Amino acid sequence: SKPRIGFIGLGNMGTPMSARLLEAGYTVIGTDLSAENRARLVASGGSAVQSTGEVAALADVLILMLPNSSIVESVLESDGAAAALPQGAIVVDMSSSEPLRTRALAERLAISGGPTLVDAPVSGGVGGAVTGKLTIMAGGDAETIETLRPILEVLGKVRHTGEVGSGHALKALNNLLSATHLLVTSEAMAAGKEFGLDPQTMLEVFNSSSGRSGSTENKWPNFILPGSFDSGFGLALMLKDMKIAASLAESLGRPSQLGARAVELWGQAATELDPASDHTEIARWAASKD
Ligand code: NAD
């Protein structure tokens, strides 16, 4: 029979991901700080409980889709979710956490006789979560990843990236590229518009040229040009990822100078914009600078 899935963190990503697992026939029991998010799990056929310990006690596989490493650690360690898991359970941190902290956390859990932890962060956004087309970067031992594969494949395409923490390293680096592309694309769009170029024409030409990226193919046409700014990925979360990547690169003696500048600019935007802004608001911010 299918493993029972515990799901902690039912936000913009966790809600559609847990809904897909339910559709695929898994039993999902979950929680979130927000009662509204717990109600969304129940509405898609799952069970919601109040505490993370109650979720853990019933889970064979515990998926975390939380904002950051500090919250992942507090849920598993101080709140006691790791200790509440049945023997042999596996924890899958699908959040975009910090690779070195993930590695250290996995070691602490192992030393205390706790669960195996793997990291499996994702790319593809809310749209990818809804359609099951995420890219999943799985770090951990090959056997554990193979055990998890049927579950993860409900959510997207799985790539084993190496040891525990490696998925989180690759995810952070991906987002450093993504955020840097988005900012420079937004600056180029603002300059082109000033020159009198039509934004739609610019995007079409970039997309059949070497300047294309996820920003020209997806973010600009779908969320920025139409003026909706509703990708479902917060600006503060993007800045967190960029800082993880920049400090990782620095700690490895391979700093990214351009990345460090992008972190500064995104950091400035974060202080000037509403803290709840979508990350695509960086385009409006860039266009407002002179
Ligand atoms: P979100 O803020 O929408 O969701 C996080 C959820 O965690 C919230 O609902 C919050 O209430 C809940 N939460 C926080 N602390 C908790 C606790 N102690 N116990 C229980 N629940 C708690 O964020 P999101 O956009 O879903 O992102 C989640 C993770 O995935 C982040 O690490 C983010 O960087 C990453 N990510 C997001 C996207 C995206 O497009 N939104 C894409 C890829 C990766």
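Author: A residue is near a molecule if its C-beta atom, placed from the backbone, lies within 6 Å of it. This is a predicted model, in which local features need pLDDT of at least 70, side-chain atom pairs count only at pLDDT 80 or more, and totals for chains, interfaces and linings use all residues. Residues are numbered from 1 along each chain as its sequence is written.

Reader: Which residues come nearest to the ligand?

Author: Gly11, Asn12, Met13, Ser96 and Phe233 do, out of 29 residues around the ligand. For classes, Ala, Val, Leu, Ile, Met, Phe, Trp, Tyr, Cys and Pro count as nonpolar, Asp, Glu, Lys and Arg as charged, and the others, Gly among them, as polar. The shell comprises 13 nonpolar, 14 polar and two charged residues.

Reader: Why does the ligand shell lie between domain 1 and domain 2?

Author: Domain bounds come from an automatic or database domain assignment; here they are 5–163 for domain 1 and 169–287 for domain 2. Both domains give residues to the shell, so it lies between them. The domain centres, taken over C-alpha atoms, are separated by 27 Å. Two residues are in contact if their C-beta atoms, placed from the backbone, lie within 7 Å.

Reader: Which helices each supply at least two residues of the shell?

Author: Helices (H or I, at least four residues) and strands (E, at least two) are DSSP runs, numbered from the N terminus. Helix 4 (69–78), helix 7 (125–131) and helix 12 (235–251) do so, as does strand 7 (122–123).

Reader: Which residues of helix 12 are buried?

Author: A residue is buried if 20 or more other C-beta atoms lie within 10 Å of its own, exposed if 12 or fewer, and partly exposed in between. In helix 12, the buried residues include Leu235, Met238, Asp241 and Leu248. The buried residues of this helix pack against helix 6 (99–111), helix 9 (166–195), helix 13 (257–272) and helix 14 (282–287).

Reader: What is the phi of phenylalanine 229?

Author: Most residues other than glycine have a negative phi. Phenylalanine 229 has a positive phi of about 45° although it is not a glycine. This phenylalanine is found in the loop between helix 11 (214–224) and helix 12. Phenylalanine 229 counts as partly exposed because it has 16 C-beta neighbours inside 10 Å.
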